[in-house]
Amino acid sequence: MSCQICINCHEKYGIDEIIYFCKKCGDILEIKIDLEKVALTIKTGDYKRAPLSVWRYRDFMPIHDATSVVTLGEGGTGLHYSKRLGEILGLTDLWIKNEGENPTGSFKDRGMTVGVTKAVELGASHVICASTGNTSASLAAYAARAGIRCTVLIPSGKIAYGKLSQAMIHGAKVLQVKGNFDEALEFVLKLAEKHRSIYLLNSINPFRIEGQKSLGYEICEQLCSNDAPDRLIVPVGNAGNISAIWKGFKEFYNLDLITKLPKMTGIQAAGSAPIAKAIKSHSSKIIPVAEPETVATAIRIGAPVSWKKAINAINESHGIAETVTDDEILDAQKLLAQIEGIFVEPASAASIAGLRKLVRNGIINKDERVVCVTTGHGLKDPDTAIKMCEKPIEVDAEMSAIEKALGIKTN
Ligand SMILES: Cc1ncc(COP(=O)(O)O)c(C=O)c1O
Ligand SMILES: [Zn+2]
């Protein structure tokens, strides 16, 4: 039977128990899926008849059969072969898995469709999260879809406007905390412990991770090899996503659906890089960053809650972590937009910036099959994009003025 299990002492809890931390040791939990049962169910291959999406993998999800899912059509995002960007970076086999193509514009929707479905299954009528932006946008949308109350806590003034507009228009109660994300998360954790009727949907909630693991599944099914890539690169903030993707790959591997596992490669912004620093110094613990800073507000997190899972994913997969500066992030954002036509938000561009650095430093081989996950759409943060680009030229409404501006000779 599937259950919730502590990642430290392996104490087990029921799949329908509302619990966020182990009662014995206080560590975080993950879902242990009954893979034998999954193997039996998927033997017919019926699941492959459903379109590529999170719910194609319903048999792999800890949701009861009778539950109707809360969905907006998440997953099934494009995996784009990136020949031109690859040539510039010196790679022959580069792919971009563009999670900005999800309903609310980020990978969070994979987690929220499962998390909010579970919330409804458990009878919750009020959901809450702390957020650097995308989690709040996604939770607000799925709560609206489910018809339940939603509260989000965001760091005051440090969230991109597109994301704020999403949380607001979907009708969430938005509280701007005068502090950073880590402080906002402390409050929602305490609130959910104190008021049991409020269901917490940060990535500490292991049902969110279950939805996000579908990212790993999809990549394997989209690649022509029907196997995992050599390397997976993803930006890391609170570290839920890298843990989830690794879980997905491992489950596919344990089900004999793929023959190898990728090197998990996490990229953090230099001003918010506790996990990358721990990996580089071969430490099994992180030192939280008290005042995290970066232009990539989505990953401006100093005390990532899933750090242990992330360090394990990187080490177990023989992967690596790297840091990138804000300038490197913004350069990579522009490069991706102009060379491949893919507009991503700064946090997502961190994966491209990290790839560039690792190729330059000879850590990534030129012929590796690399998949970079771009986690959120560029329109989430138009202000940063506009600041980086040349201003539009104002012209008189006359043909000659337009031709002049274009450098075209008039007859
Ligand atoms: C666009 C984007 N990229 C990356 C991340 C980091 O994901 P995680 O917190 O799961 O590491 C986030 C988290 O908010 C995000 O919004
Ligand atoms: Zn425990």
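This is a predicted model: local features need pLDDT of at least 70, side-chain atom pairs count only at pLDDT 80 or more; totals for chains, interfaces and linings use all residues.

Colleague: Fine. Which residues is G266 in contact with, leaving aside its neighbours within four places in sequence?
Modeller: V234, V236, I242, I275, A276, A310, I314 and A321.

Colleague: And where does G266 lie? Is it buried or exposed?
Modeller: G266 lies in strand β11, residues 263-269. The cut-off for buried is 20 or more other C-beta atoms within 10 Å. G266 has 29, so it is buried.

Colleague: How far apart are G266 and E322?
Modeller: In space, 6.5 Å, C-alpha to C-alpha. In sequence, they are 56 residues apart.

Colleague: A310 and I314 were on your contact list. Which residues of α11 are buried?
Modeller: W307, K309, A310, I311, A313 and I314. The helix covers residues 307-316.

Colleague: What do they pack against?
Modeller: The buried residues of α11 pack against α9, β11, α10 (274-280) and β12 (320-324).

Colleague: What follows α11?
Modeller: H318, with a positive phi near 60°.

Colleague: New topic, the core. How many residues does the largest nonpolar core have?
Modeller: It has 113. V127, L139, I275 and A350 have the most contacts inside it. Helix α13, residues 346-360, gives the most to this core, with 7 residues.

Colleague: Pick L139. Which residues does it contact, beyond four places in sequence?
Modeller: M112, V127, C129, C150, V152 and L201.

Colleague: Now ligand 1. Which residues come nearest?
Modeller: G237, N238, A298, T375 and G376, out of 19 residues around it.

Colleague: How does that shell split by class?
Modeller: There are 12 polar, 6 nonpolar and 1 charged residues.

Colleague: Which helices supply at least two residues each?
Modeller: α4 (134-146), α9 (240-254) and α13.

Colleague: Last bit, the whole chain. How many helices and strands?
Modeller: The protein chain has 15 helices and 13 strands. Its radius of gyration is 21 Å, close to the 22 Å that the globule rule gives for 411 residues, so the chain is as compact as a globular protein of that length.

Colleague: What box do the C-alpha atoms fill?
Modeller: Roughly 80 × 45 × 45 Å, along the principal axes.

Colleague: What share of the residues is buried?
Modeller: 51% of the 411. For contacts with a separation of 6 or more, 71% are between residues 24 or more positions apart.

Terms used:
Residues are numbered from 1 along each chain as its sequence is written. Chains are lettered from A and ligands numbered from 1 in the order in which they are written. A nonpolar core is a set of buried Ala, Val, Leu, Ile, Met, Phe, Trp, Tyr and Cys residues joined through C-beta atoms within 7 Å. A residue is buried if 20 or more other C-beta atoms lie within 10 Å of its own, exposed if 12 or fewer, and partly exposed in between; C-beta atoms are placed from the backbone. Helices (H or I, at least four residues) and strands (E, at least two) are DSSP runs, numbered from the N terminus. Two residues are in contact if their C-beta atoms, placed from the backbone, lie within 7 Å. A residue is near a molecule or strand if its C-beta atom, placed from the backbone, lies within 6 Å of it. Ala, Val, Leu, Ile, Met, Phe, Trp, Tyr, Cys and Pro count as nonpolar, Asp, Glu, Lys and Arg as charged, and the others, Gly among them, as polar. The radius of gyration is taken over C-alpha atoms; the globule rule is 2.2 Å times the number of residues to the power 0.38.
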